[in-house]
Amino acid sequence: MKKLFLPLLALLFLISCSAPRGSSSSRWMQENGKIKVLSTTSQVGDLVAYVGGGRVDNWTLISGDLDPHSYELVKGDGEKVERADLVFYNGLGLEHGASLSALLHKNPKAIPLGEAIRKKSPELILEKEGAIDPHLWMDLSLWEKSIEEIVEKLSTTDPDSSLYYEERGKELQSRMEQEDLQLREMLQKIPSEKRYLVTSHDAFRYFARAYLKEAGEENWEERFTAPEGLAPEGQLSPVDLQAVILFLQKHRVSVLFPESNVGQGVIGKIAQASRDMGFPIRLCTKPLYGDATGDLTYFEAMQRNGELLAEELSQQ
Ligand SMILES: [Zn+2]
């Protein structure tokens, strides 16, 4: 019995050693007859995987709760970029970690979807204090415009499948149009005077313009504010603190929304400062999905954002 048991343990040990963590990424590296695509974020990768269907093997580099603004290459990332037939990324300054950004910018097979949208529809791109706001995916109708670029680049790489990609691209466009309408409908049910949003960083400006504003409202930027700028910094200046507290008081907002991948230190301080001044503010117990989608797909994350806001803002 003892003799049989020990070799079994040794075998199990060998099996576990031969299947290291990240083995699915090793599988992605292997040839399987499909076009190999590397996408930086799930907002990019979920669109690419849909359009590519069974003919494309997508790998998303920055997954889970990782921050795309500051992501730096880790061991094995360089090989993945090397291996990929195509690399799709958000662009417009989102992926600004020095090592990743250097690898993307000098790479002829790396396609910035945000830049493609900006070229076609520059009037729809938001800026803040002279910097481009890269969070385009927060407006489904705007992010949908990247599908054309995905279809085009996949078709150039794999011309035999171009009809297939076109077909799937159209399917995805109509799905996103539908989801965009549903989301707007869901959020417009919140009374206008309660449709004001405060989160950790400036990830929700496109969202506010698309879903929180009244039809034709010019001052829609008033609908959203955040203490941290276009990339989360984790620091709070007295000026930022005061601006957010004034916003909360002016619009009678009583709930702050943490983001799934941003620490709650800064908005926690705001809630405390506001309470100290006699204006009770609470932190929502569930987070919004801004830059990261955790275990969810991009579409699920947008849906959750809509449901959470519809419920929490209406209750204020
Ligand atoms: Zn962000």
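Q: Which residues line the largest cavity?

A: This is a predicted model. The lining of the largest cavity is made by Leu140, Glu179, Gln182, Leu183, Phe299, Met302 and Gln303. Two helices, α9 (162-188) and α13, each supply at least two residues of that lining.

Q: What volume does the largest cavity have, and what is its lining by class?

A: The volume of the largest cavity is about 50 Å³. Its lining has four nonpolar, two polar and one charged residues.

Q: How many cavities of 30 Å³ or more does a search of the whole structure find?

A: The search finds two. About 30 Å³ of space lies in the second largest cavity. Its lining includes Gln43, Trp137, Tyr289, Gly290 and Met302. Helix α13 gives the most to this lining, with four residues. By class, the lining of the second largest cavity has seven nonpolar, four polar and no charged residues.

Q: How do I read a pocket, and which residues lie nearest the centre of the largest pocket?

A: A cavity is a space from which the probe cannot get out, whereas a pocket is open. Here the largest pocket holds about 490 Å³ of space. Its lining comprises 23 residues, and Lys128, Asp202, Phe224, Thr225 and Ala226 lie nearest its centre.

Q: Which element gives the most to the lining of the largest pocket?

A: Helix α11 does, with seven residues. Both β8 (224-225) and α11 (238-250) supply at least two residues each. Sorted by class, the lining of the largest pocket has 10 nonpolar, three polar and 10 charged residues.

Q: Which parts of the chain do His69 and Asp291 tie together?

A: His69 sits in the loop between β2 (56-62) and α4 (77-83), and Asp291 in the loop between β10 (282-283) and α13 (298-315), so the pair ties together parts that are 222 residues apart in sequence.

Q: Are His69 and Asp291 buried or exposed?

A: The cut-off for buried is under 20% relative accessible area. His69 is buried, with a relative accessible area of 2%. Asp291 also counts as buried, at 3% relative accessibility.

Q: Where is Glu259, and what is it in contact with?

A: Glu259 is in the loop between β9 (255-256) and α12 (265-276). At 2% relative accessibility, Glu259 counts as buried.

Q: Why is helix α3 described as largely enclosed?

A: A helix can be read by counting its buried residues. In α3 (residues 42-52), nine of the 11 residues are buried, so the helix is largely enclosed by the rest of the structure. Among them are Ser42, Gln43, Val44 and Tyr50. Just after α3, Gly53 takes a positive phi of about 50 degrees.

Q: Where do Leu92 and Arg252 lie?

A: Leu92 lies in the loop between β3 (86-89) and α5 (98-105), and counts as buried at 7% relative accessibility. Arg252 is found in the loop between α11 and β9, and is exposed, with a relative accessible area of 74%.

Q: Finally, what does the secondary structure of the protein chain come to?

A: The protein chain has 13 helices and 10 strands. Of its 316 residues, 48% count as buried. Among contacts between residues at least 6 apart in sequence, 73% join residues at least 24 apart.

Terms used:
Residues are numbered from 1 along each chain as its sequence is written. This is a predicted model: local features need pLDDT of at least 70, side-chain atom pairs count only at pLDDT 80 or more; totals for chains, interfaces and linings use all residues. Side-chain values use heavy atoms; hydrogens and water are left out. On a 1 Å grid over the protein atoms alone, a cavity is a set of points where a 1.4 Å probe fits but cannot get out, and a pocket is an open set with protein on both sides within 12 Å along at least five of seven lines; lining residues have an atom within 4 Å of a point. Grid points are joined across faces, edges and corners, and a volume is the space filled by probe spheres set on the points. Ala, Val, Leu, Ile, Met, Phe, Trp, Tyr, Cys and Pro count as nonpolar, Asp, Glu, Lys and Arg as charged, and the others, Gly among them, as polar. Buried means under 20% relative accessible area, exposed over 50%, partly exposed in between (1.4 Å probe, protein chains only). Contact means heavy atoms within 4.5 Å.
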